[in-house]
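Student: I am seeing this model for the first time. Could we work through it one question at a time?

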Amino acid sequence: LFINVAYDKQLIDKYDEHGMVIGNIDITDRSKIYLFLQQLHKTNTYKYIFLDVRFEEGYNVPEVDAQLFNEIADMKRIVVATHSDSQPLNNLICSKLAISDYKSTIVATNFIRYQYLHDDKESMPLFAYRELTGHTIRESTPFIYTDNNKLCNKSVFVRFPLNRWDEYDKEGNKSYLNLGSDILENYSEKDIAELVKGKYIVIGDMIEDIHDTYAGLRPGPVITYSSFIELLNGKHIVSCRLMYFLACI
């Protein structure tokens, strides 16, 4: 279940390095995120939550931050996005943070492969995979990675459906729901419990966080979820038969 927060914004003060207000900047509305997470926590019918929204130092909302971070800290089966070089806004959620980055090169500037490990830091898909299965990717020896004693890759070529990503699919069904206008305004607590029952919940910007892939444009949260599914399906595990076949060639 993809939840779009691109249209749920609020303005906050922007400070310079000396602590002086230089204007304002828009961020995802934290009161709406808090309200939605609160309902998810209470119903507890979801399978897992990918919160692809960053809470970085310098972007404070004092009137709601304490409640929001306490809620996240108390929740189970949730991972929150961060950058490898970002400082978290609150230490309460440090245990829930994982990397949401991808790398490009001079000859490949679009998204091609998803990297699960960034030095010794887990990505969002790997964090969720470890929590749900108890398995993870480890560097056994330099440049050799294993998962549950099986040889594996630390990055994979992610498969996507070749159809375009739009708000509506070919059958006219919505590909994602908007947090404010679709869910918070129209769904009761009971409706939300039924909506998310047994589902992976992916919360993020489906409009502006867009990346170029071989299958066309894809939102960052969709890439994160697809990379997680590749882990669940064991696509990172190295096939011994394939290695033997390649060695023979």
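Student: Leaving aside neighbours within four places in sequence, which residues is Ile 137 in contact with?

Tutor: This is a predicted model, in which local features need pLDDT of at least 70, side-chain atom pairs count only at pLDDT 80 or more, and totals for chains, interfaces and linings use all residues. Residues are numbered from 1 along each chain as its sequence is written, and side-chain values use heavy atoms, with hydrogens and water left out. With contact taken as heavy atoms within 4.5 Å, the partners of Ile 137 beyond four places in sequence are Tyr 116, Leu 117, Leu 126, Tyr 145, Thr 146, Cys 152, Asn 153, Lys 154, Leu 231 and His 236.

Student: Is Ile 137 buried or exposed?

Tutor: Ile 137 sits in the loop between H3 and strand E10 (138-141), where helices (H or I, at least four residues) and strands (E, at least two) are DSSP runs numbered from the N terminus. Its relative accessible area is 4%. Because buried means under 20%, exposed over 50% and partly exposed in between (1.4 Å probe, protein chains only), Ile 137 counts as buried.

Student: How far apart in space are Ile 137 and Asn 24?

Tutor: In sequence, Ile 137 and Asn 24 are separated by 113 residues. From C-alpha to C-alpha, their distance in space is 41 Å.

Student: What is the orientation of H3 and H6 to each other?

Tutor: H3 (residues 124-133) and H6 (residues 220-232) pack with their axes 8 Å apart, at an angle of about 40 degrees. Axes are lines fitted to C-alpha atoms, for helices over the stretch in contact, and angles run from 0 to 180 degrees between N-to-C directions. Since angles under 35 degrees count as roughly parallel, over 145 as roughly antiparallel, 65 to 115 as roughly perpendicular and the rest as oblique, H3 and H6 are oblique.

Student: What is the orientation of H1 to H2?

Tutor: The axes of H1 and H2 come within 10 Å of each other and cross at roughly 30 degrees. H1 is therefore, relative to H2, roughly parallel.

Student: Which residues of H1 and H2 make this contact?

Tutor: H1 contributes Arg 30, Ser 31, Ile 33, Tyr 34, Leu 37, Gln 38 and His 41. The residues from H2 are Val 64, Asp 65, Gln 67, Leu 68, Glu 71, Ile 72 and Asp 74.

Student: Which residues touch the most other members of the largest nonpolar core?

Tutor: A nonpolar core is a set of buried Ala, Val, Leu, Ile, Met, Phe, Trp, Tyr and Cys residues joined through side-chain atoms within 4.5 Å. The largest one has 33 residues. Those touching the most other members are Leu 37 and Phe 55.

Student: Which element gives the most to this core?

Tutor: At least two residues each come from H1 (30-43), E4 (48-51), H2 (62-74), E5 (78-82), H4 (179-184), H5 (189-195) and E15 (200-204). With five residues, the element that gives the most to this core is H1.

Student: Leaving aside neighbours within four places in sequence, which residues is Leu 37 in contact with?

Tutor: Leu 37 is one of the H1 residues in the contact with H2. Beyond four places in sequence, Leu 37 is in contact with Ile 49, Leu 51, Leu 68, Glu 71, Ile 72, Met 75, Ile 78 and Ile 203.

Student: How far apart in space are Val 196 and Asn 44?

Tutor: Val 196 lies in the loop between H5 and E15, and Asn 44 in the loop between H1 and E4. Val 196 is buried, with a relative accessible area of 0%, whereas Asn 44 is partly exposed at 42%. Although 152 residues separate them in sequence, their C-alpha to C-alpha distance is 9.0 Å.

Student: What is phi of Asp 119 near?

Tutor: Asp 119 is found in the loop between E8 (117-118) and E9 (121-122), and is exposed with a relative accessible area of 73%. Its phi is positive in a residue other than glycine, near 60 degrees.

Student: Leaving aside neighbours within four places in sequence, which residues is Asp 26 in contact with?

Tutor: Asp 26 has its place in strand E3 (residues 21-28) and is partly exposed, with a relative accessible area of 43%. Beyond four places in sequence, its contacts are Lys 9, Gln 10 and Leu 11.
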